[in-house]
Amino acid sequence: MITGVTMSNGKAEKELMVKKADALTSLQKQFVDNLFTPGTTHVQAAIDAGYAERSAHVAASRTLRLPHVQEYINACVAEAVQTHSIRALSQVAQLSTSAKSEYVRLQAGQDILDRAGHKAIDKSMVALRGEVNVVIDLS
């Protein structure tokens, strides 16, 4: 699951990922990597990694509770989020310039500005003219 994608800290992040991967057995690493296959359950990921089919659900559950396995999963998730967020931003930028619909280009541009911290201020103003009479009858 660990790819050559560099993160914000570059080399240091990659070294940290390698350390986390080194703390796992090859079976554990394969199991976690299989979890990131779309549509794969934790039991199927365990079987595909090489755990016995008869006890795969127990092995998967025990493996997922190990702290070093959880750290590796978190690192893989962080890497996946970063990779996909770069692709998503690229897609939004492309939509802002080349979408056929003017509305789509506008929304994409606004989304880019929002993410850059330049979100429009939400304002609402209520104006009331005249008199307001409130009568409470307690009888």
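This is a dialogue about reading a few features of a predicted model.

Biologist: Let's start with the overall picture. How many helices and strands does the protein have?

Modeller: Keep in mind that we're looking at a predicted model. The protein has six helices and zero strands, so its elements run α-α-α-α-α-α from the N terminus on. Of its 139 residues, 22% count as buried. The accessible surface comes to about 10,600 Å², and 56% of that belongs to carbon and sulfur atoms.

Biologist: How do I read a pair of aromatic rings?

Modeller: You describe such a pair by the distance of the centres and the angle of the planes. A search of the whole structure turns up one aromatic pair. Its partners are Phe31 and Tyr51, with ring centres 6.2 Å apart and planes at 85 degrees, so the pair is edge-to-face.

Biologist: Where do Phe31 and Tyr51 sit in the chain?

Modeller: Phe31 is in helix α2 (residues 26-35), while Tyr51 is in the loop between α3 (42-49) and α4 (56-65). They are 20 residues apart, and the pair links distant parts of the chain.

Biologist: Is Phe31 buried or exposed? And what about Tyr51, buried or exposed?

Modeller: Phe31 is buried, at 0% relative accessibility. Tyr51 is buried as well, because its relative accessible area is 16% and the cut-off for buried is under 20%.

Biologist: What else is buried in α2, and what does it pack against?

Modeller: Besides Phe31, the buried residues of α2 are Gln28, Val32, Asp33 and Asn34. The buried residues of this helix pack against α3, α4 and α5 (67-98).

Biologist: How do I tell which side of a helix faces inward?

Modeller: An α-helix has 3.6 residues a turn, so residues three or four places apart point the same way. Now try α4, where the buried residues are Ala56, Ala59, Ala60 and Thr63. They cover an arc of only 100 degrees around the axis, which puts them on the same side of α4. Arg62 and Arg65 are exposed on the other side. The cover over the buried residues of α4 includes α2, α3 and α5.

Biologist: Which residues does Val43 touch, leaving aside its neighbours within four places in sequence?

Modeller: Val43, which is found in helix α3, is in contact with Ala56 and His57. Val43 itself is partly exposed, with a relative accessible area of 27%.

Biologist: Now salt bridges. How many are there in the whole structure?

Modeller: The search finds two. In one of them, Asp33 meets Lys29, with the closest N and O atoms 2.8 Å apart. Asp33 and Lys29 are four residues apart in helix α2, so about one helical turn separates them. Asp33 counts as buried at 14% relative accessibility, whereas Lys29 is partly exposed at 27%.

Biologist: And what joins Arg115 to Asp111?

Modeller: Their side chains meet in a salt bridge, at 2.9 Å from N to O. Both residues lie in helix α6, four residues apart, again about one turn of the helix. Arg115 is exposed, with a relative accessible area of 65%, and Asp111 is partly exposed at 22%.

Biologist: Last one: which residues make the nonpolar surface patch?

Modeller: Leu128, Val132, Val134, Ile136 and Leu138 make a patch of about 650 Å². Val134 is in the segment after α6 (102-115). With a relative accessible area of 66%, Val134 counts as exposed.

Key:
Residues are numbered from 1 along each chain as its sequence is written. This is a predicted model: local features need pLDDT of at least 70, side-chain atom pairs count only at pLDDT 80 or more; totals for chains, interfaces and linings use all residues. Side-chain values use heavy atoms; hydrogens and water are left out. Rings of Phe, Tyr and Trp (its six-membered ring) pair if their centres lie within 6.5 Å; planes under 30 degrees apart count as stacked, over 60 as edge-to-face and the rest as tilted. Helices (H or I, at least four residues) and strands (E, at least two) are DSSP runs, numbered from the N terminus. Buried means under 20% relative accessible area, exposed over 50%, partly exposed in between (1.4 Å probe, protein chains only). Contact means heavy atoms within 4.5 Å. Patches are made of residues with over 30% relative accessible area and no salt bridge: like charges are joined within 9 Å, nonpolar side chains (Val, Leu, Ile, Met, Phe, Trp, Tyr) within 5 Å. Accessible areas come from the Shrake-Rupley method with a 1.4 Å probe; for residues, only the protein chains shown count as cover. A salt bridge is a side-chain nitrogen of Lys or Arg within 4 Å of a carboxyl oxygen of Asp or Glu. The arc is that of the directions from the helix axis to the C-beta atoms.
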